[in-house]
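Hi everyone, thanks for coming. Please have a look at the sequence and the structure on the screen, and then I'll walk you through a few parts.

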Amino acid sequence: MIDGIADTGDAVGDDSAGRPLKLDDPATVTTITELTASPDAGAVHARLRKEWGDIAPVELEPGARAWLVTEYRTIVAMARGQLPLTTTTGAWSGHERGTASAGSPLLRPLASSDRPTVEQADGSAHARLRAPLDDSLGVIDDAEVVRTTRARCDELIDQFAATGMADLVRDYVAQMPHLTLGAVLGFDAGTAQQVFDAAARPPAERNAASAVHEVSFLLTGQTAARRADGAPTPAGRLSRHAAYESTAEATLGVLSLTATADLGLRAWLAQTLYLSLTDDRFARRLAGGRLGTDEALDEVLWTAPPVSALAPRIAIEDFVLDGKLVQRGDAMLLAAGAVGSDPSIRGESPWDGSGGSAHLAFGVGAHSCPAPHLARLIVRTAAETLHRRLTLKLAVGPEELRWAPDFRFRLLEALPVAFRPEQ
């Protein structure tokens, strides 16, 4: 716990001599894939708490470990900068040991970058890079978001509505962000697809000079683009914001926004559809009107969290916490997805605590999501549009569903459904 930072007493994880546990001390630890692949991530979090306390050592890849933080108050303190941590992943000791990161989806969030990104910057540099996002997203009209999202989602549904079956991840969820958010930002369909494709690449490729040049060229047309009322589009406002010191910074700002938004929107929508298809209690409450759509979306953030962990933090000096010696260069994974099973936040019932904002899905502190209301509008409209058009039934057993190896977002690999075809 935070109150015991300087106390190395008898906390869970100490060895027989009372020495604080180091990350590499245990001979074996839980692999992160046990968590990402589990249909019940909350059960894995509970087991880790019982075994290690609030901070558990986990293995990302052979030779690459990290601390997984599962306790609410500790996560909040770390996210608010109350501990000696940085979001600059180049400080991770794994780079010194030669641990490969570009080829592994589990290590990509820890990849180092020579180019500044808003997620990997701290202090005044972060504030400067964050300002364009806040300014550009803040001018988007909510009604336009709803109209655009509904229209794009109807177009997607039209492509499979007459077939009686679909993989909602492939046919709906994966395509929704670039069509909807891209249009909201002011991209034409082709540019949106190219920008989102570039943002989906591994960080090393995304930050490469060739990628920056490619997206910079695409954005050249956006800087002159205007909305019907003559105002610049949000993409145009973002790409030429005065806070950026170079074209490369503006380009990476766009890529950072689209990469995170793409995964976040996909995860939240997929988890919403997943819960409505696999949890009878949730489905009945939703269908019976006892649970409004916004309440349902909050329920998902608690019960089937789409965000597993916030952006990684790296220790910049040694400190002791919960009987563990966090050493300079150690990676810290702030498990926002564990909050729903944290006994200090939730009660005995799986529905206790729902409806509050303590889920941390949008982060907290300087690095929190710049537009949570925009994400909610898009996901709410996408879910409502699909359920308005089709009555869905899961086409496989829930035990057959699989999640992608990603410790930041809970991403279903497929969600096959059957329904009565539209005539």
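Let's start with a question: in E6, which residue is the bridge partner of Thr86? It's Ile314. Before I go on, this is a predicted model: local features need pLDDT of at least 70, side-chain atom pairs count only at pLDDT 80 or more, and totals for chains, interfaces and linings use all residues. Residues are numbered from 1 along each chain as its sequence is written, and side-chain values use heavy atoms, with hydrogens and water left out.

Back to that bridge. Strand E4 (85-86) and strand E6 (residues 313-315) pair in the antiparallel sense over two bridges; two strands pair if DSSP finds at least two bridges between them. The labels come from DSSP runs, numbered from the N terminus: helices are H or I with at least four residues, strands are E with at least two. E4 and E6 belong to an open sheet of six strands, in the order E1-E2-E3-E9-E6-E4, with mixed pairing. E1 and E4 stand at the edges with a single partner strand each, so one side of each has no neighbour in the sheet.

Next, helix H2, residues 41-52. Its 12 residues reach 16 Å from first C-alpha to last, close to the 16 Å expected at 1.5 Å a residue (that's 1.5 Å times one less than the number of residues). Which residues of H2 are buried? They're Ala41, Val44, His45, Leu48, Arg49 and Trp52. They cover an arc of only 140° around the axis, which puts them on the same side of H2; the arc is that of the directions from the helix axis to the C-beta atoms. Buried means under 20% relative accessible area, exposed over 50%, and partly exposed in between, using a 1.4 Å probe and protein chains only. The buried residues of H2 pack against several elements, including strand E2 (55-61) and strand E3 (64-69). After H2 comes Gly53, with a positive phi near 95°.

Last stop: a second sheet. Three strands form an open sheet in the order E5-E11-E10, with antiparallel pairing. Strand E5 (165-167) and strand E10 (393-394) are its edge strands, each pairing on one side only. In E11, Leu394 has Val417 as its bridge partner. Thanks, that's me done!

Note on methods. Contact means heavy atoms within 4.5 Å.
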